[in-house]
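Welcome! Let us learn to read a protein model together, one feature at a time.

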Amino acid sequence: MTIPLFYNRLDITSALNIVSDKTKVKKVSLPILSSSVFYEKETRIGFYKNMGGERKLSKRPQGVLCDISGVMKNSINGVDVAIDKSVEAFKRLQDSGVPYVLCTNESCYSTAVLAQKLRKIGFNISADKIVSPVSAIIQVIKENNHRPYVLVNEKVRGEFDRFDQSDPDIVVVGDAIDDFTYENMNKTFKLLVGGERKFYCLGRSKYYLESGELKLEVGCFIAGLEYSSQVKAEVIGKPSPVFFNQAASLLGMSPRDLVMIGDDVDSDVGGAMRAGLQGILVKTGKYREKDASHPTVKPTLIADNLSHAIDVILNSKKGY
Ligand SMILES: [Mg+2]
């Protein structure tokens, strides 16, 4: 499919919705496969276990990674709103003592601001329980004394002020939203072309949900820069297995003992399962019906919402 050239966010968003509609029309129903052997081969971990007709986790998770947007809360006209039953469900998880980390691709805010925003809508959470691409890339820059060129959201720009940004040796691109101008994209391209600088992207999700509308995310800008510069970006964030491993190491656990809860079938569930975790896809946030029959990602479990997912996880602790 040929997608026309865009110059503003509104055009891109409209086009995405058109593409989504066409995708829906062309959707092909896939057969439901019940063989546990098939799932094990397809996902390289676990398998569906049909007990009394209900899908359950194949293995008791020792810890939980949980996405934020679309799972714990949605954003409506720029205002965060907790998803129905999610505050109570999250408290049940905390009260259970099962270790957890929030694993987000949100690159517009620092983890301190993210925690503050979540507390405002009822979640009792501290910044040290959140892993984001921003916190992860800052760690990479610190450890390697990099001089970054950064094209990121203005709200998180200040997080990089502590670093020397003259004569950059790496390029970092996050969801810059309105700053994805021709001028900024071209400057970024010129730093990349020739392949002398390492290219990091803060997530590469295709789209997100805001006010009931799908909106374009950083992924297509990364793909465009890769296409023109011929330099492949290393993902800092979901779906990179490195990111899931970092989150697992924060809990001091093996990825195989963890479950990831997310609303993005590719970034959350696919990425987590490739890293060895179990993956629960929730039917909230950006979830669309077609995600349940994704051609390559077969979630360990599809749950109605966070509350349902937490119930299954906590019940699995009781053993079966
Ligand atoms: Mg999400």
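Q: Which residues does Val171 touch, beyond those up to four places away in sequence?
A: A contact means that two C-beta atoms, placed from the backbone, lie within 7 Å. Not counting residues up to four places away in sequence, Val171 touches Tyr149, Thr188, Leu191, Leu192, Arg197, Phe199 and Tyr200. Keep in mind that this is a predicted model: local features need pLDDT of at least 70, side-chain atom pairs count only at pLDDT 80 or more, and totals for chains, interfaces and linings use all residues. Residues are numbered from 1 along each chain as its sequence is written.

Q: How far apart are Val171 and Phe199 in sequence and in space?
A: They are 28 residues apart in sequence, and 4.9 Å apart in space from C-alpha to C-alpha.

Q: Is Val171 buried or exposed?
A: We count other C-beta atoms, placed from the backbone, within 10 Å of a residue's own: 20 or more is buried, 12 or fewer is exposed, and in between is partly exposed. Val171 has 23 of them, so this residue is buried.

Q: Where is Val171 found?
A: Val171 is found in strand E9. Helices (H or I, at least four residues) and strands (E, at least two) are DSSP runs, numbered from the N terminus.

Q: Which strand pairs with E9 over four bridges?
A: Strands of a sheet pair through backbone hydrogen bonds, either parallel or antiparallel. Here, two strands count as paired if DSSP finds at least two bridges between them. E9 (residues 170-173) pairs with E10 (residues 198-201) in the parallel sense, over four bridges. Within this pair, Val172 has Tyr200 of E10 as its bridge partner.

Q: What is the strand order of the open sheet of four strands?
A: The order is E8-E9-E10-E13, with parallel pairing. E8 (148-151) and E13 (234-235) stand at the edges with a single partner strand each, so one side of each has no neighbour in the sheet. Helix H6 (residues 182-192) packs on the sheet and touches E8, E9 and E10; its direction makes about 145° with that of E9. For such angles, axes are lines fitted to C-alpha atoms, for helices over the stretch in contact, and angles run from 0 to 180 degrees between N-to-C directions.

Q: In what sense do strands E11 and E12 pair?
A: E11 (residues 207-210) and E12 (residues 213-216) pair in the antiparallel sense over four bridges. Tyr208 has Lys215 in E12 as its bridge partner. Their hairpin has two residues between the strands, and Ser211 takes a positive phi near 50° there.

Q: Which residues of helix H4 are buried?
A: In H4 (residues 111-120), they are Thr111, Leu114, Ala115 and Leu118. They cover an arc of only 100° around the axis, so they lie on the same side of H4. The arc is that of the directions from the helix axis to the C-beta atoms. These buried residues pack against strand E7 (130-131) and helix H5 (133-144).

Q: What is the phi of Asn145?
A: Asn145 has a positive phi near 50°, in a residue other than glycine. Asn145 is found in the loop between H5 and E8. With 9 other C-beta atoms within 10 Å, Asn145 is exposed.

Q: Which residues are joined by a cis peptide bond?
A: Lys238 and Pro239 are joined this way, with omega about 10°. Pro239 has its place in the loop between E13 and helix H8 (241-251).
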